[in-house]
2 protein chains.
Amino acid sequence: LESQYSLNEKWIKVRKEKVKLPSGKILNDFYVVEGNDLVAVLAIDKGCVLLVRQYRHAVKDVTLDIPGGGVNPKETPINAARRELLEETGFTAGSMEKLAIYYPDSGRTESTKHIYLASQLTRYQPLCASEDDAEEVELVRLPINKLINKIKTGHGIEPTLCLAMLFLFLKKYNSDWELFANPLKSNQ
Amino acid sequence: LESQYSLNEKWIKVRKEKVKLPSGKILNDFYVVEGNDLVAVLAIDKGCVLLVRQYRHAVKDVTLDIPGGGVNPKETPINAARRELLEETGFTAGSMEKLAIYYPDSGRTESTKHIYLASQLTRYQPLCASEDDAEEVELVRLPINKLINKIKTGHGIEPTLCLAMLFLFLKKYNSDWELFANPLKSNQ
């Protein structure tokens with residue numbers, strides 16, 4: 001019904017809205033944190049997943065995630081995924097398939113997140129420092145079975161990485177659930 | 001190094017911080033969206049998962065999730081989980097186990113999210129309207145196998161629900177992967 005910016009900075013924009021819900025109820029102060037759409041890439045190279053380990057200041061901790069970032073204006077999600085994969089890992093992908101699409105924070109943010117599965121990887125360039133000031137990223141390669149074990153027991157595993165692995169198995173590896181159930185056994 | 005509020009309202013608080021990263025690099029304008037810790041509850045009653053369907057204004061869509069919400073000041077996460085389960089479904093749980101803990105949005109928010117597995121459910125009260133103005137919640141019961149199929153193919157499935165199901169199978173149902181792989185077959 002009404003909308004105005006409560007905060008409008010380069011890195012964050014917050015809108016305050018007056019909203020009429022489907023039931024007819026009126027909310028006077030609903031805040032929406034604006035955000036571009038997001039992408040993330042589950043890239044598998046010779047049985048290993050390419051991961052990024054980085055310090056996240058908001059939680060003052062180091063976390064493990066798949067590569068990803070924001071979709072730029074006029075960029076398609078799949079092109080953003082290719083760009084982020086290259087920037088963060090130095091790899092290009094011969095095949096990119098949509099794996100999942102969801103709202104990462106539907107209670108507060110309008111963004112949609114797209115997860116792609118990247119395969120047929122080629123090392124395109126040595127990994128160089130990201131241009132994004134806030135990102136200091138370390139590349140980590142983990143075999144799928146070790147990664148699953150880490151998800152089961154580890155700390156600081158990002159939800160996007162977990163979701164990517166769930167959808168990988170739901171959509172691609174239906175016949176190989178034993179790996180998920182007993183990751184260490186299959187490593188022997 | 002420095003911290004000040006850029007936005008300080010009842011429903012949303014945003015801090016602007018000057019930050020020194022582990023590498024020594026200084027960021028002058030890192031924004032943190034403040035938030036309480038969050039809880040969500042995977043509640044299973046007679047083979048069915050208790051779900052909430054609600055309109056989410058930020059994405060202007062209806063989504064399916066497990067019950068959950070914020071941890072109040074001085075409340076423990078497990079008590080918040082019990083309270084949210086009761087408020088949103090009318091059920092109490094004889095057993096509550098920690099299923100997962102993660103940072104839902106480590107790039108921007110300091111919150112931690114706790115997912116609990118609730119079982120031995122008892123209907124405590126008829127579901128009544130939530131006191132939270134922004135929530136208009138419809139309770140949905142789905143058998144586990146139908147839910148997995150919905151996650152595979154559905155729209156508007158919240159990531160918290162997907163993560164809860166992943167950790168349920170990783171931690172509890174290791175021997176029953178066939179259900180995940182072929183949800184509809186096991187429904188016959």
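This is a predicted model: local features need pLDDT of at least 70, side-chain atom pairs count only at pLDDT 80 or more; totals for chains, interfaces and linings use all residues.
1. Helix α1 of chain A runs over residues 77-89, and its 13 residues reach 18 Å from the first C-alpha to the last, which is close to the 18 Å expected at 1.5 Å a residue. The helix is followed by A:Gly90, a residue whose phi is positive, near 80°.

2. Which residues of α1(A) are buried? They are A:Ala80, A:Ala81, A:Glu84, A:Leu85, A:Glu88 and A:Thr89. Viewed down the axis of α1(A), these buried residues fall within an arc of 135°, so they line one face of the helix. The cover over them includes several strands of chain A, namely β4 (38-45), β5 (48-56), β7 (68-70), β8 (91-102), β9 (113-123) and β10 (137-143).

3. Turning to the interface, chain A and chain B bury about 5200 Å² between them, and 66% of that area lies on carbon and sulfur atoms. Three residues, A:His57, A:Ala58 and A:Tyr103, supply 12% of the area that chain A buries against chain B, which is more than any other three residues supply. The contact takes 55 residues from chain A and 55 residues from chain B.

4. As to specific pairs, the count of salt bridges between chain A and chain B is zero, whereas eight residue pairs in polar contact are found across the interface, with both residues of each pair at pLDDT 80 or more. On the side of chain A that touches chain B, at least two residues each come from β1 (2-8), β2 (13-20), β3 (26-33), β5, β6 (61-65), α2 (144-153), α3 (159-171) and α4 (177-181) of chain A. The largest share of that side, seven residues, is supplied by α3(A).

5. A:Thr109 deserves a separate comment, and its place is in the loop between β8 and β9 of chain A.

6. What does A:Thr109 touch, once residues up to four places away in sequence are not counted? Its contacts are A:Val33 and A:Gly35 in chain A, together with B:Ala58, B:Val59 and B:Arg108 in chain B. With B:Arg108 there is also a polar contact of 3.4 Å, which joins the side chains of A:Thr109 and B:Arg108.

Conventions. Residues are numbered from 1 along each chain as its sequence is written. Chains are lettered from A and ligands numbered from 1 in the order in which they are written. Side-chain values use heavy atoms; hydrogens and water are left out. Helices (H or I, at least four residues) and strands (E, at least two) are DSSP runs, numbered from the N terminus. The expected span of a helix is 1.5 Å times one less than its number of residues. Buried means under 20% relative accessible area, exposed over 50%, partly exposed in between (1.4 Å probe, protein chains only). The arc is that of the directions from the helix axis to the C-beta atoms. Contact means heavy atoms within 4.5 Å. Buried area is the accessible area (1.4 Å probe) that two parts lose on being put together, summed over both. A salt bridge is a side-chain nitrogen of Lys or Arg within 4 Å of a carboxyl oxygen of Asp or Glu. A polar contact is a pair of N or O atoms within 3.5 Å; within protein, one must be able to donate a hydrogen and the other to accept it, and residues adjacent in sequence count only if both atoms are side-chain atoms.
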